[in-house]
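Here's a quick briefing to read with the model open. Have a look at the fold first, then work through the notes below.

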Amino acid sequence: MRAVVQRVKNASVSIEDEIVGQIEQGFMVLLGIHKEDTQEDVEYLVKKIAKSRVFEDDNGKMNLSIAAVQGSILSISQFTLYADAKKGNRPSFIQAARPERAVPLYEAFNQGISRQGIPVVTGEFGADMQISLVNDGPVTIIYDTREVV
């Protein structure tokens, strides 16, 4: 799994000009699911994101988790995170999981975050979505379970 996590002041997702989800302070997570990902990848990523200390404490140090600041997550499935653009001009997406595998893992990720006590708002899997956000910092972190040693 590959996640691009952005610390945001606010974020929203729209489909056909209608806002279907929005959050205030928290994370906007773009989540790509690899064709070989498993529940272990979900559990690892949930822990890393939920416990990531990238919010500022009273001393201005990035020392607080999303739960500590009572933040929320806007979770967006994004298969293009597994694009392979090494050859030619049109990316290949063969490393991305097919929907029958990706949907259950995406839902498991969202449920795992929710079980950590963090509110989760989502877009719609496979839909053409428009994302708006105000990146805070900016702080952007990329997690990739395939690169874990």
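Strand β6, residues 72–77, is mostly covered, with 6 of its 6 residues buried. Keep in mind that this is a predicted model.

**Strand β6 and its partners**
- Ser72, Leu74 and Ile76 point one way from β6, while Ile73, Ser75 and Ser77 point the other way, and all of them are buried.
- β6 pairs with β3 in the parallel sense, over 6 bridges, and Leu31 sits opposite Ser77 of β6.
- β6 also runs parallel to strand β7 (residues 120–122), joined to it by 3 bridges; here Ser75 has Thr122 as its bridge partner.

**Nonpolar cores**
- The largest nonpolar core holds 27 residues, and those with the most contacts inside it are Phe27, Val29, Leu31, Ile49 and Phe109.
- At least two core residues come from each of β1 (2–15), β3 (26–32), α1 (39–51), α2 (99–115) and β8 (130–144), with α2 giving the largest share, 6 residues.
- Leaving aside residues up to four places away in sequence, Phe109 touches Val29, Leu31, Val42, Leu45, Val46, Ile49 and Ser75.
- Another core, of 12 residues, lies apart from the largest one and includes Ile23, Met28, Leu30 and Leu81.

**The α1/α2 pair**
- α1 and α2 pack at an angle of about 35 degrees with their axes 9 Å apart, and their crossing is right-handed.
- On the α1 side, Gln39, Val42, Leu45, Val46 and Ile49 meet Leu105, Ala108, Phe109, Gly112 and Ile113 of α2.
- Sort the residues of this contact and you get 8 nonpolar, 2 polar and no charged.

**Backbone spots worth a look**
- Gly137 and Pro138 are joined by a cis peptide bond, with omega about -5 degrees; Pro138 is found in strand β8.
- Asp17, in the loop between β1 and β2 (18–23), has a positive phi near 65 degrees despite not being a glycine.
- Is Asp17 buried or exposed? Asp17 counts as exposed because its relative accessibility is 79%, and the cut-off for exposed is over 50%.
- Gln70 is another non-glycine residue with positive phi, near 55 degrees, and it lies in the loop between β5 (62–64) and β6.
- With 73% relative accessibility, Gln70 therefore counts as exposed too.

How values were computed
Residues are numbered from 1 along each chain as its sequence is written. This is a predicted model: local features need pLDDT of at least 70, side-chain atom pairs count only at pLDDT 80 or more; totals for chains, interfaces and linings use all residues. Side-chain values use heavy atoms; hydrogens and water are left out. A nonpolar core is a set of buried Ala, Val, Leu, Ile, Met, Phe, Trp, Tyr and Cys residues joined through side-chain atoms within 4.5 Å. Buried means under 20% relative accessible area, exposed over 50%, partly exposed in between (1.4 Å probe, protein chains only). Helices (H or I, at least four residues) and strands (E, at least two) are DSSP runs, numbered from the N terminus. Contact means heavy atoms within 4.5 Å. Axes are lines fitted to C-alpha atoms, for helices over the stretch in contact, and angles run from 0 to 180 degrees between N-to-C directions. A crossing is left-handed if the near helix is turned anticlockwise from the far one by less than a right angle, and right-handed if clockwise. Ala, Val, Leu, Ile, Met, Phe, Trp, Tyr, Cys and Pro count as nonpolar, Asp, Glu, Lys and Arg as charged, and the others, Gly among them, as polar. Two strands pair if DSSP finds at least two bridges between them.
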